[in-house]
Amino acid sequence: MEPPVENLTRLSVMGEIQIKIDRQTCMGSGNCQFWAPSVFDLDDDGVAVVVEVEGDPEEKVVLAARGCPTQSITVFRDGEQIGP
Ligand code: SF4
């Protein structure tokens, strides 16, 4: 069974970036895929997952978090929330 929150961390030149997806609240709209198509995908259950943490620039990941209709994506840099 999938964990309720997908929690992935990456290192970038700007610092440590952490992307969290709340799998309980994700409604599978695909907006995150639109904004950051190389980072986000939908799994077989139609729930968002991170496929490539380095796939798109940090700004796009933040835009994806802002564009999520259910606020299921949270982005942190060095422990500080930068999105949504
Ligand atoms: S934008 Fe939000 S609700 Fe839509 S698929 Fe991505 S995480 Fe899920």
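Student: What makes strand E2 and strand E5 a pair?

Tutor: Two strands pair if DSSP finds at least two bridges between them, and strand E2 (residues 15-22) is joined to strand E5 (residues 73-77) by 5 bridges, so they count as a pair, and they run antiparallel. Strands, like helices, are DSSP runs numbered from the N terminus, with at least two residues (E) for a strand and at least four (H or I) for a helix. Please keep in mind that this is a predicted model, in which local features need pLDDT of at least 70 and side-chain atom pairs count only at pLDDT 80 or more, while totals for chains, interfaces and linings use all residues. Residues are numbered from 1 along each chain as its sequence is written.

Student: How do you know which parts of the chain have the lowest and the highest confidence?

Tutor: The guide is pLDDT, the predictor's confidence in each residue, from 0 to 100. Confidence is lowest in strand E1 (residues 5-12), with a mean of 61, and highest in helix H1 (residues 31-35), with 97. The chain averages 86, and 83% of the residues score at least 70.

Student: What joins E5 to strand E6?

Tutor: E5 and E6 (residues 80-83) pair in the antiparallel sense over 3 bridges, and arginine 77 has glutamate 80 in E6 as its bridge partner. The two strands form a hairpin with 2 residues between them.

Student: Why is aspartate 78 called exposed?

Tutor: A residue is exposed if 12 or fewer other C-beta atoms, placed from the backbone, lie within 10 Å of its own, buried if 20 or more do, and partly exposed in between. Aspartate 78 has 10 such atoms, so it is exposed.

Student: Why do glutamine 71 and glutamine 81 count as exposed?

Tutor: Glutamine 71 has 12 other C-beta atoms within 10 Å, and therefore falls in the exposed class. Glutamine 81, which lies in strand E6, has 12 C-beta neighbours inside 10 Å and so counts as exposed. Leaving out residues up to four places away in sequence, glutamine 81 touches Thr74 and Phe76, where contact means that two C-beta atoms, placed from the backbone, lie within 7 Å.

Student: What makes a set of residues a nonpolar core, and which members of the largest core touch the most others?

Tutor: A nonpolar core is a set of buried Ala, Val, Leu, Ile, Met, Phe, Trp, Tyr and Cys residues joined through C-beta atoms within 7 Å. The largest has 19 residues, of which Cys32, Val61, Ala64 and Ile73 touch the most other members. Helix H2 (58-67) is among the elements that give two or more residues to this core, and H2 gives the most, with 5 residues. Beyond its neighbours within four places in sequence, cysteine 32 is in contact with residues including Phe40, Ala48, Ala64 and Ile73.
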